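Please keep the sequence and the 3D view open while going through the points.

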Amino acid sequence: YLFNINGDIREGKLQVFWSYSTLHYKDETVENVSHTFLQKLQDIIPHCLLDKNIPDYTMSDFPDFEPYVIVNNSKNEAKNNLFIFPPGHGGSESYFNNIVPELNNKNLILFNNYYNYFENKIDKNYLNYITIENLARDYIIYIKLLQPEGPYNLFGWSLGGTLAFEVAKQLIKKRELVTNIILIDPYFNLKEAVLKIGKNFEDVTHVNYKYFPAPTSDLSKTNITLFKASKIEDAMEDEKGFFKYYVENTKYNHLDKLIKNTKIRVIKMHAGHSSWINNDTEIVKICNVIKSLI
């Protein structure tokens, strides 16, 4: 009885109760175990609901989908590559008029938006089964084709930042070195944001809403740079609530809840979540940091 987990159904909901000996387990240990336990329970739900006839798609199954665009600016070895991940509502073109012109001495691999492709091409019900983890797995296939071994440098804005983070985790699990993760205002732990702002979030099946992995210490050897918005975007009221929440109530956009023993370098943008793309000063600042790291 050093560690007990019991559960039953009350009022139609699964209730799980924990008890443990404080002489044998630290609170932090139990918290990590309970987080993993909860995550695995949540993983079981789509598995149980999954129609076994639905195939496990990969990017290579769709010849009309262009996975990436390469911009070769440097004759240096491939380890000068910067892998760039797309925001939620765009693809590689999202960076053509801002990041790409400034990084004229780097090899850039700009990924297109596989999730958006699914939204337009696949039965909507299948979107329930797509996860950030699965998307990252597919992107890694192409990363390894283009650059078989590390060190790797990853970059992403918004959803692209979430993808870059998960890709880094999976590469490190494969014993690869990820030197830099550079993020522009990604939103982590959307569920907590929804709870705190008291708004309904209709798209609870969205891939980013479902993503909240157990904390990891695997990134302790990786430089993490977070460009954080300081302005609240002019948007529809519900969406504006999210911008306001992350600007005013989080220091690291909840990234600090996903990593342990890792420092996060935060650089404040004098712009909003999306408005930085039209701000020449911020674009130059972002690119100068990238140049200093890679």
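With which residue does Asp8 form a salt bridge? The partner of Asp8 is Arg10, and their closest N and O atoms are 3.2 Å apart. A salt bridge is a side-chain nitrogen of Lys or Arg within 4 Å of a carboxyl oxygen of Asp or Glu.

1. Basis of the note. This is a predicted model, in which local features need pLDDT of at least 70 and side-chain atom pairs count only at pLDDT 80 or more, while totals for chains, interfaces and linings use all residues. Residues are numbered from 1 along each chain as its sequence is written, and side-chain values use heavy atoms, with hydrogens and water left out.

2. Salt bridges. The count of salt bridges comes to nine. Asp8 is partly exposed at 31% relative accessible area, and Arg10 is partly exposed at 46%. Here buried means under 20% relative accessible area, exposed over 50%, and partly exposed in between (1.4 Å probe, protein chains only). Asp218 and Lys173 also meet through their side chains, at 3.3 Å from N to O. This pair links distant parts of the chain, 45 residues apart: Asp218 is in the loop between α6 (190–197) and β8, and Lys173 is in helix α5. Helices (H or I, at least four residues) and strands (E, at least two) are DSSP runs, numbered from the N terminus. Lys173 counts as exposed, at 64% relative accessibility.

3. A pair within one helix. Glu248 and Lys244 form a salt bridge of 3.1 Å, N to O. Because they are four residues apart in helix α7, about one helical turn separates them. Elsewhere, Glu192, Lys196 and Lys257 are linked in a network of salt bridges.

4. The largest nonpolar core. A nonpolar core is a set of buried Ala, Val, Leu, Ile, Met, Phe, Trp, Tyr and Cys residues joined through side-chain atoms within 4.5 Å. The largest one has 46 residues, of which Phe85, Tyr139, Leu154 and Val167 touch the most other members. The elements giving two or more residues to this core include β4 (81–85), α4 (132–146), β6 (152–157) and α5 (159–173). Helix α5 gives the most, with eight residues. A second, separate core of 25 residues includes Leu82, Ile182, Ile184 and Ile283.

5. Helix α4. This helix has 15 residues and reaches 21 Å from its first C-alpha to its last, close to the 21 Å expected at 1.5 Å a residue; the expected span is 1.5 Å times one less than the number of residues. Among its buried residues are Ile132, Leu135, Tyr139 and Ile143. What covers the buried residues of α4 includes β4, β5, α3 and α5.

6. A buried polar residue. Asn180 is found in strand β7 and is buried, with a relative accessible area of 1%. Its side chain makes a polar contact with the side chain of Asn223 at 3.3 Å. Such a contact is a pair of N or O atoms within 3.5 Å; within protein, one must be able to donate a hydrogen and the other to accept it, and residues adjacent in sequence count only if both atoms are side-chain atoms.

7. Backbone points to check. Most residues other than glycine have a negative phi, and most peptide bonds are trans. The peptide bond from Gly150 to Pro151 is cis, with omega near 10°. Asn253 has a positive phi, near 55°, and His254 has one of about 70°.

Definitions and conventions. Contact = heavy atoms within 4.5 Å.
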